[in-house]
Amino acid sequence: MAKYKYGFFMPEDNVFKAKRGLDESVVRIISNIKKEPEWMLDNRLAAYQKFLKMKMPSWGADLSGIDFANIFYYVKASQKTEKNWNDVPADIKTTYDRLGIPEAEKEYLGGVKAQYESEVVYGSLMKRFSDLGIIFCGMDEALEKYPKLVKEYFGTLIPMGDNKFAALNTAVWSGGSFIYVPKNVKVDMPLQAYFRINSANMGQFERTLMIIDEGAFVHYVEGCSAPVYSESSIHSAVVEIFVKKGARCRYTTIQNWSTNVYNLVTKRAKVETDGVMEWIDGNLGSKITMKYPSVVLVGQRAHGEILSVAVAGRGQHQDAGGKCIHLAPDTTSRIISKSISMKRGRASYRGMIMMAPGAKNARSKVVCDALILDKKSRSDTYPVNKINESEVTLEHEATVSKIGEEQIFYLMSRGFTDHEAEAMIINGFIEPIVKELPMEYSVELNRLINLQMEGSVG
Amino acid sequence: MTKSQITNKIIKYLVKKGERVVWDEVIVYDKNNLEGETEVRAVVEDEGSLKLKGKILIQKDAIGANAFLRFKVLLLGKNARAEVDPELEILTNDVRASHAASVGQIDLEQLFYLMSRGINKKESIKLIVEAFLA
């Protein structure tokens with residue numbers, strides 16, 4: 001058993017654990033255990049072949065530390081996979097305490113409890129959703145219960161050969177959410193992954209598929225702002241979202257993986273006429289994150305919006321951003337990215353705007369702001385703007401700077417300490433994005449950034 | 001890709017029909033207190049193609065740098081194409097670096113104004129382009 005950074009071991013009482021490393025037999029075993037239909041197994045095997053052939057992406061963050069042979073690709077947990085609370089790293093526990101997270105949730109987040117004991121609270125909510133005709137379940141369950149729907153959409157937006165990690169996910173995926181919102185149904189409260197109680201939702205290779213039918217609206221919230229301890233060093237999810245005519249989908253992610261995790265995620269949404277897709281993406285944790293939520297605007301007047309916050313601290317490289325592909329007339333998009341680098345961390349914005357021939361009157365605006373808190377940290381901006389239609393408008397602007405001394409001075413002259421002043425300025429800096437988050441998330445996000453900043457240069 | 005010295009400069013291109021112009025430059029800040037502002041203005045005619053790729057690189061020891069890079073592109077014809085990639089690589093904090101890029105068409109109000117003064121469309125466009133590149 002390899003020892004992980006925090007001294008964790010895989011618990012020995014798992015129902016099933018695939019061997020370390022990846023080969024065809026592991027892929028077959030995963031499919032077999034889940035009793036999947038033939039087409040899914042074929043799909044997995046084809047994706048595995050693609051994964052072998054594809055090269056590691058070399059254009060972004062340094063991924064040379066990933067050891068594919070040393071990873072467990074599938075662990076099916078039993079009910080008794082509880083670890084000892086005493087084994088949870090002290091710094092993570094301290095953070096939970098200071099965030100004021102309830103005891104039950106703490107244990108869940110720390111991986112002590114395999115399940116969140118939420119049946120009583122969320123059972124009634126699930127009923128409300130199903131009364132509206134909403135399907136909200138795990139991907140495995142969806143494949144069993146709604147095979148036609150899954151087969152129709154699965155992998156059509158992010159094909160297995162899209163990139164090496166999409167291929168890996170397609171080969172070994174397990175867990176993730178499936179959501180179908182029927183025509184004209186507007187869900188008035190956010191769907192959150194942890195409503196779903198009977199499946200582990202924070203897997204390594206989650207696969208999420210959402211279909212938002214005409215005129216419907218949904219807000220989906222994934223992850224949580226409190227640190228999530230993961231034993232595995234790789235998290236590679238794929239999220240496909242279909243936004244039909246006139247529908248709107250908002251997808252909020254706050255990622256705070258422990259700093260041993262490579263977080264390599266492919267997220268894409270296809271938006272039809274008059275549809276709206278909004279990605280709100282917060283990256284706080286992980287060792288390396290490469291994640292560029294994308295919006296493909298295929299219908300007239302479709303709108304895409306990406307709001308991204310990245311905080312890179314010690315040993316971290318956050319390579320995040322967004323992509324908007326304009327394929328139809330009158331489509332609009334907006335990307336706002338805010339990043340903070342500190343303690344030798346590196347934050348990069350990487351994004352793309354593409355306007356195809358015929359996308360007349362398309363408009364796009366990209367704004368990237370970055371703060372560097374100390375002189376050892378680094379910030380980059382790598383935008384690509386391809387304009388292949390002349391009747392369009394594109395605006396792009398980016399600024400990198402430190403916190404203004406006069407701002408700090410002003411606040412200190414009003415009686416705040418330098419640390420308080422810095423924290424206030426940073427909260428103000430990310431405010432345009434934080435205000436879009438559900439309330440409990442925005443409060444936690446601000447507190448977390450303040451915690452991370454402790455000990456950084458004032 | 002060329003490496004350039006830190007200066008304030010304005011670069012102008014008129015990309016004619018069927019032409020392809022590529023500007024690819026890294027502007028390196030490697031000493032204390034350097035200031036620079038680079039602007040590239042370009043007009044792309046029908047079936048012209050332009051690529052602007054510029055990077056501001058501020059090295060670890062370039063304290064007090066103040067860098068700015070601006071791309072302004074006007075697309076004239078139906079099949080005018082442009083790619084604008086303004087990049088930043090900032091390795092220290094006591095600096096300020098910004099870039100801005102805009103791609104658009106001729107302002108119809110400007111065109112309308114000139115035409116209302118009795119100048120024909122072709123001539124009006126020519127005047128606007130000249131002013132843009134002036």
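This is a predicted model: local features need pLDDT of at least 70, side-chain atom pairs count only at pLDDT 80 or more; totals for chains, interfaces and linings use all residues.
Residues are numbered from 1 along each chain as its sequence is written, chains are lettered from A and ligands numbered from 1 in the order in which they are written, and side-chain values use heavy atoms, with hydrogens and water left out.

Let us stay with chain B for a moment. Thr38(B) has its place in strand E4 of that chain, where helices (H or I, at least four residues) and strands (E, at least two) are DSSP runs numbered from the N terminus. If we ignore its neighbours within four places in sequence, Thr38(B) is in contact, meaning heavy atoms within 4.5 Å, with several residues, among them Thr7(B), Trp23(B), Ile27(B) and Phe68(B).

Glu47(B) has a positive phi of about 60° although it is not a glycine, and at 42% relative accessibility it counts as partly exposed.

Now to strand E5 itself, residues 49-58 of chain B: how many of its 10 residues are buried? The count is 8, so E5(B) is largely enclosed by the rest of the structure. Two strands are said to pair if DSSP finds at least two bridges between them, and E5(B) pairs in the parallel sense with strand E3, residues 20-29 of chain B, over 10 bridges. In that pairing Val28(B) stands opposite Leu57(B). E5(B) also pairs with strand E7, residues 81-90 of chain B, again in the parallel sense and over 10 bridges, and there Gly54(B) has Pro86(B) as its bridge partner.

Let me turn to chain A. Chain A has 458 residues, of which 60% count as buried, and it contains 11 helices and 21 strands. Among its contacts with a separation of 6 or more, 83% are between residues 24 or more positions apart.

One stretch of chain A carries a label from a record: UniProt, in an unreviewed entry, lists residues 130-192 under "domain: SUF system FeS cluster assembly SufBD N-terminal"; such annotations may be inferred rather than shown by experiment, feature names are shortened, and positions are given in the numbering used here. Over these residues the chain is 40% helix and 17% strand, and the end C-alpha atoms are 15 Å apart.

Next come the aromatic rings. Rings of Phe, Tyr and Trp (its six-membered ring) pair if their centres lie within 6.5 Å, and planes under 30 degrees apart count as stacked, over 60 as edge-to-face and the rest as tilted. A search of the whole structure finds 13 such pairs over all chains. One of them is the tilted pair of Phe68(A) and Phe165(A), at 6.1 Å centre to centre with 35° between the planes. This pair links distant parts of the chain, 97 residues apart, with Phe68(A) in the loop between helix H2 and strand E2 and Phe165(A) in helix H8. Phe68(A) is buried at 19%, and Phe165(A) is buried at 5%.

The rings of Phe154(A) and Trp173(A) have centres 5.8 Å apart and planes at 45°, so this pair too is tilted. Both Phe154(A) and Trp173(A) are buried.

I will finish with Ser286(A), which has a positive phi of about 80° although it is not a glycine. Is Ser286(A) buried or exposed? At 0% relative accessibility, Ser286(A) counts as buried, and its place is in the loop between strands E12 and E13 of chain A.

Note on methods. Buried means under 20% relative accessible area, exposed over 50%, partly exposed in between (1.4 Å probe, protein chains only).
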